[in-house]
Amino acid sequence: MNETTVVSLQEALDARTGPTQSVSLDDLRRRQSTIPLDRCHAAFVDMSFELKLKTQHIPVFQKLSVAFPRGRKMAVLAHAGAGSDTMLELLQQRVAPTRGHVLIRSRISWPSHSIQFLEQRLSVKDNVVFLAAVIGLPQQDFLAAVTNFCQLTAKTMREPVRNLPIWARRRFAFLTLVSCNFDCHLLAQPFRPNSMNLQADEAAHAEALLFGRDYLITIEHTRQIPANCDLAYILYNGWLYGFDDVGEAAAIFDGLPIPEGVSARPQRTEEDDDDDDPGETIL
């Protein structure tokens with residue numbers, strides 16, 4: 001069998017599907033649609049971002065303009081280290097762009113797997129009382145929901161959150177997120193019901209709550225695209241390319257070579273989620 005070195009997008013597509021499909025990065029850029037700002041959850045407008053290290057500045061995005069429309073279920077396909085975590089931090093306004101603008105026009109959630117907003121030293125009940133006030137839920141209703149969904153007793157409700165098993169903390173965080181009625185859910189990884197010890201019916205209900213609203217999920221493998229996704233982006237070399245045809249996006253992404261300078265680190269597991277340093281930017 002002859003060996004071929006894939007060095008371009010077109011050659012990658014030809015190597016995967018044969019030379020019947022003609023596309024280039026310039027073609028994809030010309031195909032991008034324009035979305036009015038009043039119809040989007042968020043947008044990057046001529047936005048650049050540089051990761052500032054002690055000895056160098058690493059460009060992640062350069063003059064990027066893209067909008068994330070309302071009423072869509074969105075997936076961003078990105079190789080590990082391509083900038084998807086930075087993109088989510090920009091959407092959460094945890095970091096500011098180096099140049100340009102990040103416009104937020106909807107109530108966008110924190111990443112669905114995060115438990116960092118829970119105050120680990122306070123009791124479960126104290127956390128519930130505080131969060132109920134912030135969200136605007138009746139305190140007793142939220143107490144009952146947390147007690148039931150997290151399978152807690154009156155005694156464990158008085159214990160610090162950090163004493164709960166990790167699956168119970170994740171249930172608490174998940175229940176808080178879906179109770180907020182966000183306009184758009186952010187997911188930094190595929191949904192994993194087993195990380196919360198959810199059984200089949202519970203898992204299906206939780207998935208419906210999470211994916212029933214508009215969402216933006218970042219994933220590294222096309223097999224992880226949610227079934228109801230209807231808009232896909234490819235994040236490649238600092239550009240975002242949008243596709244109404246999710247299958248086309250998957251086919252193109254599967255044929256792409258890993259960009260130069262991007263390391264193929266393994267997919268993060270749920271055990272890693274709780275160890276992320278909130279002050280660290282992960283490309």
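Here is a walk through this structure, from the whole chain down to a few single residues.

What you're looking at is a predicted model, where local features need pLDDT of at least 70, side-chain atom pairs count only at pLDDT 80 or more, and totals for chains, interfaces and linings use all residues. Residues are numbered from 1 along each chain as its sequence is written, and side-chain values use heavy atoms, with hydrogens and water left out.

Let's start with confidence. The pLDDT is the predictor's confidence in each residue, from 0 to 100. Its mean over the protein chain is 84, and 79% of the residues reach 70 or more. Residues 15-22 have a pLDDT below 50, and beyond near neighbours in sequence this stretch has 12 contacts in the model; a contact here means heavy atoms within 4.5 Å. Residues 263-283 are also below 50, with 47 such contacts.

Now the overall build. The protein chain has 10 helices and 9 strands; these are DSSP runs numbered from the N terminus, with helices (H or I) of at least four residues and strands (E) of at least two. Of its 283 residues, 47% count as buried, meaning under 20% relative accessible area, while exposed is over 50% and partly exposed lies in between (1.4 Å probe, protein chains only). Among contacts between residues at least 6 apart in sequence, 72% join residues at least 24 apart.

Next, head inside. A nonpolar core is a set of buried Ala, Val, Leu, Ile, Met, Phe, Trp, Tyr and Cys residues joined through side-chain atoms within 4.5 Å. The largest one holds 50 residues, and Val124, Val146 and Phe172 touch the most other members. Helix H7 (residues 166-179) gives this core its largest share, 7 residues. Leaving aside neighbours within four places in sequence, Val146 is in contact with Val124, Val128, Gln151, Leu152, Phe172 and Leu175. Apart from that core lies another, of 29 residues, including Phe44, Leu51, Cys184 and Leu235.

Two residues are worth a stop. His185 sits in strand S6 (residues 184-187) and is buried, with a relative accessible area of 1%. The C-alpha atoms of His185 and Ile108 are separated by 6.1 Å, although the two are 77 residues apart along the chain. Beyond four places in sequence, the contacts of His185 include Ser109, Leu177, Arg213 and Tyr215.

Ser123 lies in the loop between strand S5 (108-111) and helix H4 (124-135), and at 11% relative accessibility counts as buried. The side chain of Ser123 reaches the backbone nitrogen of Asp126 at 3.0 Å. Leaving aside neighbours within four places, Ser123 is in contact with Met157, Arg158, Glu159, Pro160 and Val161.

Technical notes: Polar contact = N/O pair within 3.5 Å; in protein donor to acceptor, adjacent residues only side chain to side chain.
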